[in-house]
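Please work through the exercises below with the sequence and the model open beside you. Each task is followed by a solution that goes step by step.

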Amino acid sequence: MLNFKYLDLLAQKYDSEEKVASEIINLEAILDLPKGTEHFVSDLHGEYQGFQHVLRNGSGNVKMKIRDLFEGELNESELDEFATLIYYPEEKLKLLKSNFTSKQELREGYVEIIERMLKLVSYASSKYTRSKLRKALPEQFVYIIEELLYKKDEFENKKEYYGKMLERIISLGQGDKLIIGLAYTTQRLVVDHLHVVGDIYDRGPDPHKIMDTLINHHSVDIQWGNHDVLWVGAYAGSKVCLANIIRICARYNNLDIIEDAYGINLRPLLNLAEKYYDDNPAFRPKRISDETLTGQEQLQITKIHQAISIIQFKLESPIIKRRPCLNMENRLLLEKVDYEKKEVTLHGITYSLENTCFATVNPERPYELLDEEQQVIDKLLFSIQHSEKLTRHMNFLLKKGSLYLKYNGNLLIHGCIPLDEEGNMKEMEIKDTTYAGRELLDVFENYVREAFAHPEETDDFATDMVWYLWTGENSSLFGKREMTTFERYFIKEKETHKERKNPYYYMREDEEACRRMLAEFDLNPDQGRIINGHTPVKEIDGEDPIKANGKMIVIDGGFSKAYHSTTGIAGYTLLYNSYGMQLVAHQLFNSKEDVLMKETDVLSVKRLVNEELVRKKVRETNIGEKLLQEISSLKSLRKHRYMK
Ligand SMILES: O=P(O)(O)OC[C@H]1O[C@](O)(COP(=O)(O)O)[C@@H](O)[C@@H]1O
Ligand SMILES: [Mn+2]
């Protein structure tokens, strides 16, 4: 069915046949370009510097392009030095400058650098249109760079013109800006689109800086992780999610995120904590950075950690009781505790409790908040919902994020697709309707959006469902039977700490199972793959991130320093360009300073996942699909409005 109103609208923009024709030619040409490079990262967990590094070196892609161009011409250390300049242009330039001994040397050095950079930009942009390259150039230098890029040395008189141009840029003190701009242009060209497969928040110190980076990124989408949804929940009015994020910040000695980055006043919580709690080994902050805390600071955090944990446990009860469909009665732990004997009975076994801190718990009504606790959580909720920066970050998460994403034939998802023991899509009944698989995930996502749209509602179904996504058995983000936070604080016996995983986590090894899951999402099982985050790949134990004959790729980035000892490697990222997919294994990232001084780029080892037999073109991508639609509209416009 032709929509003539739409054609009229289109005719306003393309008001002559020539304009329509030239746009059709443009778009058709783009369809035949090689597909842009996609970059997949996941589980960033607040590790801003590690993330920055992977982003700036394009998971080794920048180095590869430099090698392609300059191997032979430059020796290894020069190649490294040039790569570092592309990653961290401001800092590296400072270091380089201090090595020049005269103005003359500096000028020559700058000309050499700029020429190399232009060569690199030209190479990195070879598969894009000129207009796309233009958008990636530093604004103030677009004209000059284009002149320099498209120069033709064979005309001798022009050669002088270009030489003069470079000289002038440098003598006018614009050399630094140009070099820095070209470095960022290169970074941008090397990766066309970024996918963040979840868990930006928690454990590490700087999730807010990662969010700022993503907001400024040229092209990004996010698949929410369980930790991201926890933050969304807190902002959307879930007090129990809020208690959780503060508890995790205290546990990892990251309360600065709450106080300094998001401007939330923790004083009321601290007062409560000082009043009821003391030192407690189970609640001392984990020290994953070298930064040393004074004894006093550590004690304060330990107290806050207990105060907010108890508030969290108390807040869980009423939700579990008002939402029987969540089937979480076995998590009513405060009510199972024998406060006199200091014991708890779980699945029929009685365990003694240690490191207890139940000063504010009334054994008769253990889930009841003290007035003071109620006030503290209410104040915290008010501040968090009024934090300008958090509002910005959460809006962005909602805008660019989703529970899963179908992109260029692949399924991107942080956690899992809940399965039952037989490998069928696990069913869950919500408000008298049974859902499973893709439908269940769509329902979950709708609840997240509904809760977010109504931050003033704190106890409604949608807001409770966001918490369920963090911790519930059927949550596609959590994917485990229960979260044993209480047990890990208070029970010595390790068997109580175990969180049994959804069958998905062993069935995903099986190719047939993965094919069924792809089909559930209407994706072609012969071509698509599932890209998964969430579970660190234990290289130490020989685990392979490529599973199910390549149908499943697990790329937990392993950025989280707290988890390095379990993985034995910093983790994986994935690149998908027109030639195929490559998995990149990263060694531990120490610091930016390390890279700058020692030029020790984090060693990235690439492994081919698949090789495209024919180079993939834009035509075969999601963007290509949109372009084809546009072309078809333009063709109708031409036919119905301009052809006689
Ligand atoms: O390592 P911690 O701080 O004890 O956290 C463990 C908790 O984190 C979780 O692993 C969830 O976080 P991830 O999504 O990073 O795995 C829970 O399953 C578990 O209860
Ligand atoms: Mn996760």
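**Exercise 1.** How many cavities of 30 Å³ or more does the structure hold?

*Solution.* This is a predicted model, in which local features need pLDDT of at least 70 and side-chain atom pairs count only at pLDDT 80 or more, while totals for chains, interfaces and linings use all residues. Residues are numbered from 1 along each chain as its sequence is written, chains are lettered from A and ligands numbered from 1 in the order in which they are written, and side-chain values use heavy atoms, with hydrogens and water left out.

The structure holds 1 cavity of 30 Å³ or more, a cavity being a set of points on a 1 Å grid over the protein atoms alone where a 1.4 Å probe fits but cannot get out. About 150 Å³ of space lies in this largest cavity, a volume being the space filled by probe spheres set on the points, which are joined across faces, edges and corners.

Next comes the lining (residues with an atom within 4 Å of a point). It is made up of 16 residues, and Q312, F313, E316, R331 and M483 lie nearest the centre of the cavity. Two or more lining residues come from each of α17 (295-322), α21 (461-471) and α22 (485-490), where helices are DSSP runs of H or I with at least four residues, strands are runs of E with at least two, and both are numbered from the N terminus. The largest share, 4 residues, is that of α17.

**Exercise 2.** Which residues coordinate the manganese ion (ligand 2)?

*Solution.* The donors (N, O and S atoms within 2.8 Å of the metal, or 3.2 Å for Na, K and Ca; water is not among the atoms, so sites may look incomplete) belong to D199 (OD), N226 (OD1), H414 (NE2) and H534 (ND1), at 2.1 to 2.3 Å. D199 sits in the loop between β2 (193-196) and α12 (207-215), whereas N226 is in helix α13 (residues 226-235), so the pair ties together parts that are 27 residues apart in sequence. D199 counts as buried because its relative accessibility is 1%, where buried means under 20% relative accessible area, exposed over 50% and partly exposed in between (1.4 Å probe, protein chains only). N226, with a relative accessible area of 4%, is also buried.

**Exercise 3.** Where is N577 placed, and what does its side chain reach?

*Solution.* N577 belongs to strand β15 (residues 571-577), and it counts as buried because its relative accessibility is 15%. Its side chain reaches the backbone nitrogen of Y579 at 2.9 Å.

Notes. Polar contact = N/O pair within 3.5 Å; in protein donor to acceptor, adjacent residues only side chain to side chain. 1 Å grid on protein atoms, 1.4 Å probe; cavity = no way out; pocket = protein on both sides within 12 Å on 5 of 7 lines; lining within 4 Å.
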